[in-house]
Amino acid sequence: MECNASQIKTQFLGHLGMIAAVIERLGIVEKVNARIPVSQEKGSKVSMGVRLAAMILHALGFVDDRLYLFPEFLRDKPLQRLFGETLEASDFNDDALGRLLDAIYEYGVAAFFSEIAFEIGIAEKLLGKNVHFDTTLLKRSWRI
């Protein structure tokens with residue numbers, strides 16, 4: 001079968017594939033989705049966990065763009081391979097990402113980060129026998 005240049009599509013994965021694999025291995029998407037469910041009745045296509053995974057990839061992609069430029073960052077990336085879902089770069093618009101950031105703020109930023117980090121620390125045996133957590137800023141109690 002012959003192939004011409006118009007049939008070839010290239011996408012850049014680079015180091016983002018390794019980061020996506022770590023995100024998947026640690027279960028970050030599932031941990032986020034368990035805490036902040038997405039509103040399906042409002043037509044959301046992308047879960048909050050996948051939105052956060054995309055933001056982690058963006059941050060570790062050595063890019064410093066504003067949220068409204070986020071779809072441009074993802075334009076040439078293999079989204080199916082990175083997120084395991086059929087998504088378009090336009091699904092990660094600034095409104096969707098802003099709703100994630102608002103939801104994390106509403107949940108409590110310190111509680112959100114601490115709960116997920118603590119779960120990962122336990123699962124990966126990263127915590128020693130003695131651990132001290134300053135929970136004075138947490139709005140919620142530990143739910144592990």
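I searched the whole structure and found seven salt bridges; I count one when a side-chain nitrogen of Lys or Arg is within 4 Å of a carboxyl oxygen of Asp or Glu. A note to myself: this is a predicted model, where local features need pLDDT of at least 70, side-chain atom pairs count only at pLDDT 80 or more, and totals for chains, interfaces and linings use all residues. Residues are numbered from 1 along each chain as its sequence is written, and side-chain values use heavy atoms, with hydrogens and water left out.

**Entry: Arg 25 and Glu 124**

I looked up Arg 25 and found it in a salt bridge with Glu 124, with 3.1 Å between the closest N and O atoms. Arg 25 sits in helix α1 (residues 16–26) and Glu 124 in the segment after α7, so this pair ties together parts 99 residues apart in sequence. Helices here are DSSP runs (H or I, at least four residues; strands are E, at least two), numbered from the N terminus. Arg 25 is exposed at 60% relative accessible area, while Glu 124 is partly exposed at 27%. My cut-offs are under 20% for buried, over 50% for exposed, and partly exposed in between (1.4 Å probe, protein chains only).

**Entry: helix α2 to helix α7**

Next I checked Glu 115 and Arg 35, whose side chains meet in a salt bridge at 2.9 Å, N to O. This pair links distant parts of the chain, with Glu 115 in helix α7 and Arg 35 in helix α2, 80 residues apart. Are these two residues buried or exposed? Both Glu 115 and Arg 35 are buried.

I then turned to Lys 31, which forms a salt bridge with Glu 119, the closest N and O atoms being 3.9 Å apart. Lys 31 is buried at 17% relative accessible area, and Glu 119 is partly exposed at 22%.

**Entry: Ile 116**

I also looked at Ile 116, another residue placed in helix α7. Ile 116 is buried, with a relative accessible area of 9%. Which residues does Ile 116 touch, not counting those up to four places away in sequence? I find Lys 31, Val 32 and Arg 35, taking contact as heavy atoms within 4.5 Å. The C-alpha atoms of Ile 116 and Arg 35 are separated by 9.4 Å, and the two residues are 81 apart along the chain.
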